[in-house]
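Dear colleague,

Please find below the structure I promised to hand over, followed by an account of what was found in it.

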Amino acid sequence: MARTQVRYYPVGDGSMTLIKLDDANKTTILIDMCVSNAADDKENRDVYDAAKDLRQHLVKKGDGHLHLNLLINSHGDDDHIHGLQNHFWLGDPLEYKNEEGEPEKIIIDEIWSSTRYRKYATENFPLGDDAKALSKEIRRRVDALDDSDGNYVRIVGDELLDDDEDVIPTQVRYARGSCVNTVAGKAIKDFSIKILGPLKKEKDEDDESFNDKNRGSIVIRVDRTVGDLWGKSCTMSLVFGDDTEVRTWERLKELGEREELAYDLLLAPHHCSWHSLSHDHAEDEDAAVSPSAKAALNNARKGAYIILSCLSDEDEGDKKKKQGRMKARTVYKGMVDDGHVLCTGESSSGGKPCPIVFELTANGLSKVHNPLAVGISGASVASIGEPQPHG
């Protein structure tokens, strides 16, 4: 019996999560992506082949092409969008073509982004080639206003930049608090995505803080109700904040009730960065956790897991980042049961990391202990080398 599945991929200090629903359409939702050049090198099996794994979970439609139903890009950092151009078709789906020797390109039925897609690269707001390509594709879709597979687009959150209200039509916007139960025009029973952020600029917030790329990260809660043949059911929640940092979590605590931030699965923000929990530098002797930020993230339901999408402590070469990550991990361990903080860069079997996989059942979360390993060799995941870490 097919079940809704959540796959957290081992992509170094990056982020890539696939949700595959057990509905009639086998709906697939990818939250960020980070497929390194090393993973794309077929002669190099040093890292997990996340792209190959992803393709195995997608469905070919009547046009004969693989389709991802929804891509949610949290923000424009390279470690959240790397590999886009290598694996996805960008442009009018009616003009689809594949260059000889390239992998078959995947059509993205629907894309979600924040208003930050409109910001061009500057010295203070750097963008990689994949982020620029995604921005161009979103602009094309916004201009087209064509709700069809390969053209759907939605801009989420309450932040506003310049003349957003004039440029971004209301029909493609999802405001904070929206509960969305459709993907690419198809309603899905017992499913919703609640928009929690990004937030609009605060009255006392300076431009430098507001314009930081991480400040524009999308924050969502995905809810899925699963039942069995005997009438038992369970609703589970997945929270994603990606690179959202401490100030936003404090604000979310002020704005929301506890249940709005409650979760069965939490992707720890910013790859388990200390800066999502504290205003202080991790190396400071008196560095303190923000009580409000911690309260926003400390809403685990019974049996919940927290996932750290990052390198293992052994493979992390940045001393300051490692120090902060170890302190943050200690905080997260205090939020859930023993053994329920898992790192994508680690392997419980002693081998190379595989995806951390959960199935959603009427009895709650079920961790898959032996997920299928695809494209792993003997070298360390630390050899990924790119995209570059960003703090």
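Strand β1 (residues 4-8) and strand β2 (residues 17-20) run antiparallel and are joined by 4 bridges. Within this pair, Arg7 stands opposite Leu18 of β2. On pairing with strand β3 (residues 28-31), β2 again forms 4 bridges in the antiparallel sense, and here Ile19 has Ile29 in β3 as its bridge partner.

Please bear in mind that this is a predicted model. The protein chain has a mean pLDDT of 89, with 92% of its residues at 70 or more. The pLDDT falls below 50 over residues 373-391, although this stretch has 56 contacts in the model beyond near neighbours in sequence. Where pLDDT is low, the predicted coordinates should not be read in detail.

Leaving aside residues up to four places away in sequence, Phe240 touches Tyr8, Thr17, Ile19, Ile31, Ile218, Val219, Ile220, Val222 and Leu267. In soluble globular proteins, nonpolar side chains tend to be buried together.

Strand β17 (residues 233-240) pairs with strand β18 (residues 263-267) in the parallel sense over 3 bridges, with Val239 opposite Leu266 of β18. The pairing of β18 with β19 is parallel as well, over 4 bridges, and Tyr263 stands opposite Ala300 in β19. Because 9 of its 12 residues are buried, β19 is largely enclosed by the rest of the structure.

Which elements cover the buried residues of α7? They include β15, β16 and α8. The buried residues in α7 are Val246, Thr248, Trp249, Glu250 and Leu252.

Met236 is found in strand β17 and counts as buried because its relative accessibility is 1%, against a cut-off of under 20%. Apart from residues up to four places away in sequence, Met236 touches Val222, Asp223, Arg224, Val226, Asp264, Arg301, Leu360, Thr361, Gly364 and Leu365. Its C-alpha atom is separated by 15 Å from that of Cys179, which is 57 residues apart from Met236 along the chain.

Is Lys213 buried or exposed? Lys213 is buried, as its relative accessible area is 13%. This lysine lies in the loop between α6 and β16 (219-227). Its side chain makes a polar contact with the side chain of Asp77, at 2.9 Å. Besides Asp77, the residues that Lys213 touches include His75, Gly76, Arg116, Phe125, Pro126 and Leu127, not counting residues up to four places away in sequence.

- Gly197 and Pro198 are joined by a cis peptide bond, with omega about 20°. Pro198 is placed in the loop between β15 (191-197) and α6 (207-211).
- Asp242 is a residue other than glycine with a positive phi, near 45°. Asp242 sits in the loop between β17 and α7 (246-255) and counts as buried, since its relative accessibility is 3%.
- Cys272, which is not a glycine, has a positive phi of about 65°. Cys272 belongs to the loop between β18 and α8 (291-297) and is buried, with a relative accessible area of 1%.

With kind regards

How values were computed:
Residues are numbered from 1 along each chain as its sequence is written. This is a predicted model: local features need pLDDT of at least 70, side-chain atom pairs count only at pLDDT 80 or more; totals for chains, interfaces and linings use all residues. Side-chain values use heavy atoms; hydrogens and water are left out. pLDDT is the predictor's confidence in each residue, from 0 to 100. Contact means heavy atoms within 4.5 Å. Two strands pair if DSSP finds at least two bridges between them. Helices (H or I, at least four residues) and strands (E, at least two) are DSSP runs, numbered from the N terminus. Buried means under 20% relative accessible area, exposed over 50%, partly exposed in between (1.4 Å probe, protein chains only). A polar contact is a pair of N or O atoms within 3.5 Å; within protein, one must be able to donate a hydrogen and the other to accept it, and residues adjacent in sequence count only if both atoms are side-chain atoms.
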